[in-house]
Amino acid sequence: MQFSKWHGLGNDYLLVERAELAFPLTPARVRKICDYHFGVGSDGIVEVTSANGDHAEVVIWNPDGSTAELSGNGTRIAARWLARRSGAQTVRISVGPREVVASMQDGKQVETAMGPVEVGEPETIEVAGEQVELVTVSVGNPHAVIRREPDRDELLRLGPLVEQHERFPERTNVQLVRVDGPHAVTVGVWERGAGETLSSGTSAVAVAGAAVRHGWCESPVTVDLAGGKLVVHIDNELNATLVGPAEEICRLELSEELEL
């Protein structure tokens with residue numbers, strides 16, 4: 001089975017076409033493949049279910065075997081792969097019901113139109129006896145944006161507690177945010193189904209949407225993540241455009257012994 005490994009600011013994904021698989025992906029197989037000790041190791045799998053010209057449909061798997069409604073980095077990776085395959089500078093990637101239009105920029109940069117961002121009002125939940133204020137955001141997938149110092153120990157403590165809080169029956173992605181200026185934030189990301197990640201495209205969009213909607217920042221917003229920087233443009237209707245890199249690392253052949 002031919003896979004390729006990609007990353008977007010250190011958020012790494014395996015990409016495979018469903019037609020190339022010797023057996024279908026299942027949650028158990030995904031967990032084994034993504035394991036860094038017993039598999040290849042990755043933050044998820046982008047499974048291309050169909051590709052025709054400048055349009056592809058994908059399923060994005062989390063390393064715990066669940067699937068994501070959307071992934072900014074995974075979608076950007078799929079777009080770069082499809083652009084190289086088709087020769088088109090602008091491509092369309094469908095993830096479930098959501099279609100993302102992506103344009104190739106200079107170097108490894110990809111500009112993706114991520115669509116509308118739904119930003120809630122600040123609310124407070126109780127987490128391990130502590131009152132935590134957050135803003136809920138939907139970018140097609142759920143986010144809880146918390147404005148506090150993105151200290152790693154605090155992220156590792158608070159991230160899983162908020163992810164699995166009863167407020168979020170489907171679980172949620174979690175971001176700790178420090179506002180650095182009118183167009184800049186620093187963010188720590190705890191990703192639903194993956195844990196701490198170096199970068200998350202939808203998290204960057206969620207934070208920028210919350211920051212612009214609630215007056216913390218003005219568009220465009222540069223989001224400084226552990227793996228590097230992404231730029232998010234938010235228009236007056238809270239539609240988001242995300243700009244960041246996507247880069248292929250290697251291609252590899254997976255053993256069919258991974259079948260479970």
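The model is predicted, so local features need pLDDT of at least 70 and side-chain atom pairs count only at pLDDT 80 or more, while totals for chains, interfaces and linings use all residues. Residues are numbered from 1 along each chain as its sequence is written, and side-chain values use heavy atoms, with hydrogens and water left out. Helices (H or I, at least four residues) and strands (E, at least two) are DSSP runs, numbered from the N terminus.

**Helix α4**

- Of the 13 residues in α4, 11 are buried, where buried means under 20% relative accessible area, exposed over 50%, and partly exposed in between (1.4 Å probe, protein chains only).
- The buried ones include G201, T202, S203, A204 and V205.
- Just past α4, G215 has a positive phi of about 80°.

**Nonpolar cores**

- A nonpolar core here is a set of buried Ala, Val, Leu, Ile, Met, Phe, Trp, Tyr and Cys residues joined through side-chain atoms within 4.5 Å.
- The largest one has 54 residues, and V137 and V232 have the most contacts inside it.
- Helix α4 gives the most to this core, with seven residues.
- Another core, of 14 residues, lies apart from it, with M1, V30, W61 and L254 among them.
- Leaving out residues up to four places away in sequence, V232 touches A204, V205 and A208, among others, and also A240, T241 and L242. Contact means heavy atoms within 4.5 Å.

- Strand β17 (residues 239–245) is largely enclosed by the rest of the structure, because five of its seven residues are buried.
- On pairing: two strands pair if DSSP finds at least two bridges between them.
- Strand β8 (residues 109–116) pairs with β17 in the antiparallel sense over seven bridges, and Q109 stands opposite P245 in β17.
- Strand β16 (residues 228–234) also runs antiparallel to β17, over four bridges; H233 has T241 in β17 as its bridge partner.
- β16 and β17 make a hairpin with four residues between them, and L238 in the turn takes a positive phi of about 65°.

**L230**

- L230 is in strand β16 and counts as buried because its relative accessibility is 0%.
- L230 and G201 are 29 residues apart in sequence, and their C-alpha atoms are 7.6 Å apart in space.
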